[in-house]
Amino acid sequence: MPIRTAVTLALVTAVGLSVGPGIGFGNAAAQTAMPMDHAAHHGTQHAGTAMPPSGAVPTMPGQDAFGTIQEIVRILEADPATDWSRVDIEALRRHLVDMNEVTLNATAVATPVDGGASYAVTGDGRTLEAIRRMVPAHAHEIDGTNGWTVKAEPLPNGVSLTVTAADPKQTAHIRGLGFIGIMAQGGHHQMHHLAMARGEFSH
């Protein structure tokens with residue numbers, strides 16, 4: 001080896017310099033150490049983001065009906081006047097099953113009528129049972145809302161829900177909402193659930 005080359009190598013090794021592109025001696029210790037396992041490096045790199053902040057807790061119940069029941073139970077437990085001998089959470093659960101059946105599984109066919117629309121709401125089995133319980137009860141609750149006239153009449157395989165209004169502006173409103181939009185009208189649902197859980201009434 002020429003003397004100049006040997007001296008250069010000795011210097012770069014001692015002071016940690018680079019002798020050219022692709023040849024580095026500044027990390028001699030790193031180059032002589034065992035290579036880090038990639039999976040371990042990846043885990044170390046992301047360990048700070050994988051864990052939630054200290055004290056953070058999940059808030060979502062994971063299922064809507066479960067969350068509704070959880071909220072009602074908390075209200076009942078926070079109320080010292082709750083009569084636990086009358087509480088019926090199972091009745092609330094069955095009602096939430098009805099709501100699920102009507103919302104997701106019922107078939108609703110709309111027919112325009114003067115001042116609004118008529119909806120033939122039909123289904124089979126458990127869905128039909130839910131329709132027959134929920135639709136007439138809801139029609140009774142919202143009759144008069146927004147000046148509407150709301151009527152429910154039985155069908156062989158469901159219920160006919162007719163909603164009309166004298167105000168021409170409400171005609172488009174009724175038709176635009178459709179069956180499930182009309183079922184969502186009113187603010188009685190939440191208090192209805194609480195009263196049902198307290199054992200005060202049921203469908």
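Trainee: Which residues count in a predicted model, and where does the numbering start?

Mentor: Local features need pLDDT of at least 70 and side-chain atom pairs count only at pLDDT 80 or more, while totals for chains, interfaces and linings use all residues. Side-chain values use heavy atoms, with hydrogens and water left out, and residues are numbered along each chain as its sequence is written, from 1.

Trainee: Happy with that! What pattern does the chain follow along the sequence?

Mentor: Helices (H or I, at least four residues) and strands (E, at least two) are DSSP runs, numbered from the N terminus. The chain has eight helices and six strands. Read along the sequence, their pattern is α-β-β-α-α-α-α-β-β-α-β-β-α-α.

Trainee: What share of the residues of the chain counts as buried?

Mentor: Buried means under 20% relative accessible area, exposed over 50%, and partly exposed in between, with a 1.4 Å probe and protein chains only. Of the 203 residues of the chain, the buried share is 28%.

Trainee: Nice. How are H6 and H7 oriented to each other?

Mentor: Axes are lines fitted to C-alpha atoms, for helices over the stretch in contact, and angles run from 0 to 180 degrees between N-to-C directions. The axes of H6 and H7 are 10 Å apart, and the helices pack at an angle of about 100°. Angles under 35 degrees count as roughly parallel, over 145 as roughly antiparallel, 65 to 115 as roughly perpendicular and the rest as oblique. H6 and H7 are therefore roughly perpendicular.

Trainee: Which residues of H7 make the contact with H6?

Mentor: Contact means heavy atoms within 4.5 Å. On the H6 side we find Met134, Val135, His138 and Ile142. Their partners on H7 are Phe179, Ile182 and Met183.

Trainee: And how are H4 and H5 oriented?

Mentor: The axes of helix H4 (residues 64-78) and helix H5 (residues 89-105) come within 10 Å and cross at roughly 150°. That makes H4, relative to H5, roughly antiparallel.

Trainee: Is Ala197 buried or exposed?

Mentor: Alanine 197 sits in helix H8 (residues 188-197). Leaving out residues up to four places away in sequence, Ala197 touches Ile72, Leu76, Arg86, Val87, Asp88, Ile89 and Leu92. With a relative accessible area of 0%, alanine 197 is buried.

Trainee: One last thing: what is the phi of asparagine 146?

Mentor: Good one to check! Asparagine 146 lies in the loop between H6 and S5, and is partly exposed, with a relative accessible area of 38%. Although it is not a glycine, asparagine 146 has a positive phi of about 60°.
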